[in-house]
Amino acid sequence: MKIILGISAFYHDGAAAVISDGNLIAAAQEERFTRIKHTSDFPVNAITYCLKEAGLNIDDLDAVVFYDKPFLKFERLLQTYYTFAPRGIFSFLKAIPIWLGDKLFLKRRIIDGLKQVGPMDKKKIKLLFSEHHLSHGASAFYCSRFKEAAILTIDGVGEWSTATIGFGKKEKIEILKELHFPHSVGLLYSAFTYYLGFKVNSGEYKVMGLAPYGQEDSKEVADFISKIKSNIVSVKPDGSIWLNQAFFSYPTGLKMTKNSKWEKLFGFARRVPESELRQQHCNLAMAIQKITEEIVLKMAVETKKVTGAEYLCMAGGVALNCVANGKLLAANIFKDIFIQPAAGDAGGALGAAMAAQYMYFNETRKYGLETDIMQGCLLGPEYTEKEVLQMNRKTKAIAKKIEDFDILCKHIASKLADGKIIGWFQGRMEYGPRALGNRSILADPSQQKMQQKLNLKIKNRESFRPFAPSVLEEDSNLYFENEGPLPYMLFTTNIKDDFKKTLPIDYHELPLKERLAVVRSDFPAITHIDFSARTQTVAKSSNPRYWKLINAYKEKSGHGILINTSFNVRGAPIVCSPLDAYQCFMATAMDYLVIGDFVYDKKEQLDWQLKEKWQLNNSLD
């Protein structure tokens, strides 16, 4: 039996995962503990949690595995600067001292980081390094139930690779084809993210959400697609791409795009962040989304051709593009698809550990199991009643404990049906970017104004952003055009015709704000502008408490569907602790908070604060 710690850090999305005998014990992102979103810090807190959950010390580990190979990455950096010289001299002068003084000596940094976790015998530590895309591929294949499968990884860049096609069989993974830097689907999409005024490495999903607001049959969308393919990216039949570096700055610069060239090509300047979104921005987002979908589908066809496999596993940041995933699923190229829910760099920590388990230690893999190796992604910290009570005393929070969970669910279901917004905090925290029912904000999807209310008064984010539905697994095919479970919110599906509303004749010509106001279905808050939804199916076996709440809401409303959005506000990570949850609850327009069996009423909290303030003022008089 091998016990292995996997780590990702120093670039973005630091994380840790512990496996024992191939079983996933714990996994978490560092951002949840430090409250710095996408932090690149060494994951001291995440490692501390994982070891505590496993009941281990550092010296109990058989190996510590980093998800990347720094010397290969440094080689790519040097060769890139050499190739593009004399361009990028300022970037070079900024980057090289960091590498020479820090990143190049990663082994030392990792050992120093582990020392912060606890006492250790340095001589006992077996420190291994996995290649970036192998980590991604391992995170998907070894966590799937497939004995053998094709593996497709697509992201920005690892060491040299930006996408790989591989094949996994039992314990082994073989990489068969690679796409190399600077030609990258992830960096192409990030360049458009940057030009559309969103933040790279975190705003890509905003581009995906904005794309359906484009006018699909318009001349401008067609023109943008043509210009992108003629000038910026050449898409080959096998899905590989060639990027025209005359339009990009990322290989050696501090920005993604050469803005003057893009402005000349598309006819408008880079959008200033937070400025008004116009139809041209929506149309450009639609254009790059469609091209990305085309690339992903071609890559999948090539993967099928190269491997002959019946099943597909996917990971890498581009694998979080749930719209492209939905198109891929509908194409029926493979019998089944498994996408690692933590598909980005955070999931690399898990993949690195899994790769060491099977490819370094040659342990025997368990596969074909009915149970979910990812355990619903509920792999983070869980808090005791004692810890909740301590938080209540510290914050002077007023909470009502409801011992009978069925009664609690009926009570909250009634509040949801009345249009109230609920912070829902239960059990172990999710691993990966999605809240799946344990650190979630919940609401009634049938309320016409709920999307706008959640965006503006709770999440403090752009009004166009859609919300995802959680639906009882057994009821999913009643509402959505999907077959089988979709537990991780990784695929979009369309809402069924029975629930669609007739749209105005001039719907697609309406300004963005007016289109947002049009009621598109019986569940307008989870129906995107193109009738799609990023569906999460909830099984009683995998998350019984969340299932019970949705079922109680079904008994009250007639429909087993809720809005499920992550328990955070814009720019902040998903809440981790009860204190995080209470502070977020009090800082937003949420109506109720549920932590375990404790229910918090916003009105009661505010009345108590007002009373306490009044008493303090009177005592001073």
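Is Glu159 buried or exposed? Glu159 is buried, at a relative accessible area of 3%. Buried means under 20% relative accessible area, exposed over 50%, and partly exposed in between (1.4 Å probe, protein chains only).

The views below come from a predicted model, in which local features need pLDDT of at least 70, side-chain atom pairs count only at pLDDT 80 or more, and totals for chains, interfaces and linings use all residues. Residues are numbered from 1 along each chain as its sequence is written, and side-chain values use heavy atoms, with hydrogens and water left out.

**View 1. Glu159 in its loop.** Glu159 sits in the loop between strand S6 (148-154) and strand S7 (161-169). Helices (H or I, at least four residues) and strands (E, at least two) are DSSP runs, numbered from the N terminus. Between Glu159 and Ala353 lie 194 residues in sequence and 18 Å in space, C-alpha to C-alpha.

**View 2. The largest nonpolar core, around Ile7 and other residues.** A nonpolar core is a set of buried Ala, Val, Leu, Ile, Met, Phe, Trp, Tyr and Cys residues joined through side-chain atoms within 4.5 Å. The largest one has 151 residues. Those with the most contacts inside it are Ile7, Leu114, Ile232, Phe266 and Met374. Helix H11 (residues 279-307) gives the largest share of this core, eleven residues. A second, separate core has 35 residues, among them Ile526, Tyr582, Met590 and Leu593. In soluble globular proteins, nonpolar side chains tend to be buried together. Contact means heavy atoms within 4.5 Å. Not counting residues up to four places away in sequence, Ile7 touches Ala15, Phe42, Pro43, Ile47, Val64, Val65, Phe66, Tyr67, Ile110, Leu114 and Ala349.

**View 3. The ring pair Phe405 and Trp424.** Rings of Phe, Tyr and Trp (its six-membered ring) pair if their centres lie within 6.5 Å; planes under 30 degrees apart count as stacked, over 60 as edge-to-face and the rest as tilted. By this rule there are 27 aromatic pairs. In the pair shown, the centres of Phe405 and Trp424 are 6.2 Å apart and the planes stand at 50°, so the pair is tilted. The pair links distant parts of the chain, 19 residues apart: Phe405 is in helix H15 (residues 405-417) and Trp424 in strand S14 (residues 422-425). Both Phe405 and Trp424 are buried.

**View 4. Tyr582 of helix H20 and its partner Tyr600.** The ring centres of Tyr582 and Tyr600 are 5.9 Å apart, with planes at 55°, so this pair is tilted. Tyr582 lies in helix H20 (residues 578-587) and Tyr600 in strand S22 (residues 598-601), 18 residues apart. Relative accessible area is 5% for Tyr582, which is buried. Tyr600 is buried at 0%. Helix H20 is mostly covered, with seven of its ten residues buried. These are Pro578, Asp580, Ala581, Tyr582, Cys584, Phe585 and Met586.

**View 5. An aromatic cluster.** Ring pairs join Phe192, Tyr195, Phe224, Phe248, Trp262, Phe266 and Phe268 into a cluster. Phe266 is also among the residues with the most contacts inside the largest nonpolar core.

**View 6. Backbone at Pro182, Cys377 and Met489.** Most residues other than glycine have a negative phi, and most peptide bonds are trans. The peptide bond from Phe181 to Pro182 is cis, with omega near 10°. Pro182 lies in the loop between strand S8 (172-180) and helix H7 (185-195). Cys377 has a positive phi, near 65°. Its loop runs between helix H13 (345-360) and helix H14 (385-395). Cys377 is buried at 1% relative accessibility. Met489 also has a positive phi, near 60°. Met489 is in the loop between helix H17 (476-479) and strand S17 (492-494), and is buried at 2% relative accessible area.

**View 7. Glu31 in helix H1.** Glu31 belongs to helix H1 (residues 31-34). At 7% relative accessibility, Glu31 counts as buried. Leaving aside neighbours within four places in sequence, Glu31 contacts Ile36, Lys37, His38, Thr39 and Pro573.
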